[in-house]
Protein chains: 2
Amino acid sequence: MKKLYFITSNRGKFIEAKQKIEPLGIKLFQKNLGYPEIQVDTLEEVVQYGIQYLEKIFPHSFIIEDAGLFINKLNGFPGVYSSYVYHTIGCQGILKLLDKTGMGRRTAVFRSVYGYKEPGKKSMLFKGEIYGKISISEKGKNGFGYDPIFIPDKATKTFAQMTLDEKNTWSHRGKALEKLVGFLSKKID
Amino acid sequence: MKKLYFITSNRGKFIEAKQKIEPLGIKLFQKNLGYPEIQVDTLEEVVQYGIQYLEKIFPHSFIIEDAGLFINKLNGFPGVYSSYVYHTIGCQGILKLLDKTGMGRRTAVFRSVYGYKEPGKKSMLFKGEIYGKISISEKGKNGFGYDPIFIPDKATKTFAQMTLDEKNTWSHRGKALEKLVGFLSKKID
C-alpha cells in the first residue's frame, strides 16, 4: 500500500481527507510540520511556496491545503489572511465591516487549494470554490471559522447550520479534495 | 565611501533614511528587490525571514524595514498585515471596527523594525514604537496609510495633520532609524 502524508496541524481536515483518500488504497498519515505562509494575494501562491519549502526538508509524497474567504465588497478581505483575521476580529468583525450592507452586496467566495508533491515530480494544485453570501448575523453551532456567517448560493442556511456531510457536498474544500482524489485514482490505475 | 543598499519599493522610506544615513559618510542606494513576507505575529520575524531570503541572492550590505499598527481592542489587528488590510478595508474599515468604542479603549501602537545585514556578519534588528490612540474620524492630508487616524500620546493631532519633520520626531520609524544610525556611526569610528 502506498503512503501519503498530509502536512497539517488541523485534525478535522486530516480526517476529512483520510475518508476520501484511503478507499483508493493509499494510507494517509498526519504530519504536524510547520511551514512558512507568505503574504501574497492568492492561495495558489501560499501553497506553492509551502511546497517549495517542504520538499527540501521532507523527501516523501505529501499534500498540504490552504483555504480562505474572499468578500467582494471588502476587496477580497480577509482572503489568504482568513485565519489571522478570524483570530483577531472574528466573525463579529466581518459583520461589523458589512454593517448596513444589503444581502445583494454581501457576496463572497470560499476557496480551498490542495497541493500534492511527489519527490522528483512536478507539484500539482487542486482548487475548489463555492460562491455565497455573508449572513446578517451568526447562525449555527457546527463547523469552525467563518462557517456561522457563510450561506452558499442555492442554500438557505449557513455552513454552521449543516451537518458535516451536508457541508462537504457544497464546500470549497470538499470540491478541491474531490479533484485530488480523481487525480490520485488515475495515478494508481 | 562605504555603500549600503535599502531594499524597498517605497521611495518615501528611502528618502527619509538617506537623510539620516548619508551624513555618516555612507552612500545609500535604493534597491527594488522583492522578498517574501511571511504570515507570523511579529515584525521581527518578518524582517528576519526577509534577511535570510535576501542574503542568499544579494551579497552586499543592505537594510530592510517593516512596520505595522497594532490595535489593542482588536487583538493586535491589523499588525504585520497592516499594508494588506489598508489596501482592502482602509482607514474606514478600522474606524468601523472600533465604532462606538470610547477614546479610552482605542489605544494602539505603531511599530517599525529595521534589519541590517552585512555579508558574513550576524544580522541586527532595530525597533521603534510609538503609543497612541485611533481617532474617531480621519483627519489630515499628509503622510500615508493609517496616518489620518493615529494620534500619538501627548499629541493633539494625527500623523496626517503633522509636517514630515514633526511626524518624524514622534514616529516609530524615526525611532528605529535613529537606533540604526547610532549603530552605523559606531561601526565607522
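What percentage of the 189 residues of chain A count as buried? In this predicted model, 41% of them do. The secondary structure of chain A comprises six helices and seven strands, which follow one another along the sequence in the pattern β-α-β-α-β-β-α-α-β-β-β-α-α. The radius of gyration of chain A is 17 Å, close to the 16 Å that the globule rule gives for 189 residues, so the chain is as compact as a globular protein of that length. Along the principal axes, the C-alpha atoms of chain A fill a box of roughly 55 × 30 × 25 Å, and of the contacts in this chain with a separation of 6 or more, 58% are accounted for by residues 24 or more positions apart.

The interior can be followed next. The largest nonpolar core has 94 residues, of which A:Phe150 and B:Phe150 touch the most other members. Apart from its neighbours within four places in sequence, A:Phe150 is in contact with A:Leu69, A:Ala108, A:Phe110, A:Gly132, A:Ile134, A:Thr158 and A:Phe159.

Helix H4 of chain A, residues 90–97, has A:Gly93, A:Ile94 and A:Leu97 as its buried residues. These cover an arc of only 100° around the axis, which puts them on the same side of H4(A). Their cover includes strand S6 (124–134) of chain A together with H4 of chain B.

Between the chains, 17 residues of chain B are in contact with 17 residues of chain A. On the chain B side, the elements that give two or more residues are helix H3 (82–88) and helix H4 (90–97), with H4(B) giving the most, three residues. The residues of this side divide into nine nonpolar, five polar and three charged.

Key: Residues are numbered from 1 along each chain as its sequence is written. Chains are lettered from A and ligands numbered from 1 in the order in which they are written. This is a predicted model: local features need pLDDT of at least 70, side-chain atom pairs count only at pLDDT 80 or more; totals for chains, interfaces and linings use all residues. Two residues are in contact if their C-beta atoms, placed from the backbone, lie within 7 Å. Helices (H or I, at least four residues) and strands (E, at least two) are DSSP runs, numbered from the N terminus. Ala, Val, Leu, Ile, Met, Phe, Trp, Tyr, Cys and Pro count as nonpolar, Asp, Glu, Lys and Arg as charged, and the others, Gly among them, as polar. A residue is buried if 20 or more other C-beta atoms lie within 10 Å of its own, exposed if 12 or fewer, and partly exposed in between; C-beta atoms are placed from the backbone. The arc is that of the directions from the helix axis to the C-beta atoms. A nonpolar core is a set of buried Ala, Val, Leu, Ile, Met, Phe, Trp, Tyr and Cys residues joined through C-beta atoms within 7 Å. The radius of gyration is taken over C-alpha atoms; the globule rule is 2.2 Å times the number of residues to the power 0.38.
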